[in-house]
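This briefing is meant for a reader who is meeting the structure for the first time. Please look over the sequence and the model, and then follow the points below by topic.

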Amino acid sequence: MNIGIIGSGNQAQKIVNILIKKKNYLIIYHYKKKNYLIRYHYKKKKGFTTNLKKLFETDCIFILSPTYTHNNYLKLFNNYNGYIFLEKPGASNKKQSNFLKKKIKTKKLYINYNFIFSKIYDNLKKNIKSEKYGKLLNFHIIQSNAIALKKNYNNWRFDKKKSIGIEETNSVHFIHLILSLFKHVKLLSKFKQSISKKNIDNVNYTFLTNKNCYISFFNSYTCPLENSFKLIFVNCLLNYDGKKFTFSYPWNVKGKTGRLIKPPIKKKIHINFKDDWNMSNKKSVDFFLNYVRKKKYFFNSILKNSLKALYFIFLN
């Protein structure tokens, strides 16, 4: 398999490292006629080519550059016959998302929403679908870190000319997660603000599912580190704190006075968020390469939530 790479940032290097480690079924050399990985950069850089035409000879291309460059690369590779792995979300505005819709119809384009390959997602999906704990009434997500408060932190993600802010770079992962867990959701409200004054760095979404489950989601680049998921079922409180899931039930636990009290933790499942995130990235790459290897087309069901997520982040 011959692979082309566009991008030189942290995410690009993570994907390259994943590919290089897959020696058991993918032998990668640089600039060889067979089984190679070739990296492109528009500037002269050691280990990279400046000749974009070389990537047309590959079986697949990983577009891992900043989001605002994706549309131009997709246009340049409009007649490319191979497969494309596109880092999420794939577009920086509504116009670009419309072009992405056309490109997706080739069924050879895959957008990297790796979170749905995580153990966290598997556990959420399993317990939401199960009737063991009764009806799900409320689902609250908080994902935050204070990266925008760092001094002298210059990045395209905080440039208003290149990005719409945290929704495009981070929130879209969790919106896609919600869309993957629930078939039908209605957006009730959306609030966004800028604390750092660099770009939009705080957002709050609220959704309602067709089964009347209320979902709220808060994402911030100006708060202490937090990764938490709280699900309230009729008969269980399910919490994830970035390190473990805890299950507290049943509802009818009484204290010494005979009054209802918070139920005890009956079960724990340990999952480290960072480790799980890295693992999900590997699984997403595997998923993509499997389609390339077998020369299969991606199903519309795989791609539709990618476009839905874009729809929500471009709503004012």
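Helix α6 (residues 273-294) lies across β1, β3, β4 and β5, and runs at about 160 degrees to β4; here helices (H or I, at least four residues) and strands (E, at least two) are DSSP runs, numbered from the N terminus, and axes are lines fitted to C-alpha atoms, for helices over the stretch in contact, with angles from 0 to 180 degrees between N-to-C directions. The model is a predicted one, in which local features need pLDDT of at least 70 and side-chain atom pairs count only at pLDDT 80 or more, while totals for chains, interfaces and linings use all residues. Residues are numbered from 1 along each chain as its sequence is written, and side-chain values use heavy atoms, with hydrogens and water left out.

**Confidence**

- The chain has a mean pLDDT of 90, with 96% of its residues at 70 or more; pLDDT is the predictor's confidence in each residue, from 0 to 100.
- Among the elements of the chain, the lowest mean pLDDT (84) belongs to helix α3 (residues 94-104), and the highest (98) to strand β11 (residues 236-240).

**The sheet**

- Five strands form an open sheet in the order β2-β1-β3-β4-β5, with parallel pairing, where two strands pair if DSSP finds at least two bridges between them.
- Because β2 (37-40) and β5 (109-112) stand at the edges with a single partner strand each, one side of each is left without a neighbour in the sheet.
- From one strand to the next, the twist averages 20 degrees.
- Strand β1 (residues 3-6) pairs with β2 in the parallel sense over four bridges; Ile-3 stands opposite Leu-37 in β2, and Gly-4 has Ile-38 of β2 as its bridge partner.
- From β2, Leu-37 and Arg-39 point one way and Ile-38 and Tyr-40 the other way, and all are buried, that is, under 20% relative accessible area, whereas exposed means over 50% and partly exposed in between (1.4 Å probe, protein chains only).

- The axes of α1 and α6 come within 10 Å and cross at roughly 65 degrees.
- In this meeting, Gln-11, Ile-15, Ile-18 and Leu-19 of α1 make the contact with Asn-281, Lys-282, Val-285 and Leu-289 of α6, contact meaning heavy atoms within 4.5 Å.
- Sorted by class, the contact of α1 with α6 has five nonpolar, two polar and one charged residues; Ala, Val, Leu, Ile, Met, Phe, Trp, Tyr, Cys and Pro count as nonpolar, Asp, Glu, Lys and Arg as charged, and the others, Gly among them, as polar.

**Single residues to look up**

- Ser-306 has its place in helix α7 (residues 300-313) and counts as buried because its relative accessibility is 2%.
- Leaving aside neighbours within four places in sequence, Ser-306 is in contact with Ile-111, Tyr-113 and His-176.
- Asn-145 is found in the loop between β6 (136-144) and α5 (166-181), and with a relative accessible area of 21% Asn-145 is partly exposed.
- Although Asn-145 and Leu-225 are 80 residues apart along the chain, their C-alpha atoms are separated by 4.2 Å.
- Again leaving aside neighbours within four places in sequence, Asn-145 is in contact with residues including Ser-220, Tyr-221 and Leu-225.
- Lys-45, in the loop between β2 and β3, counts as partly exposed at 39% relative accessibility, and the C-alpha atoms of Lys-45 and Tyr-240, 195 residues apart along the chain, are separated by 43 Å.
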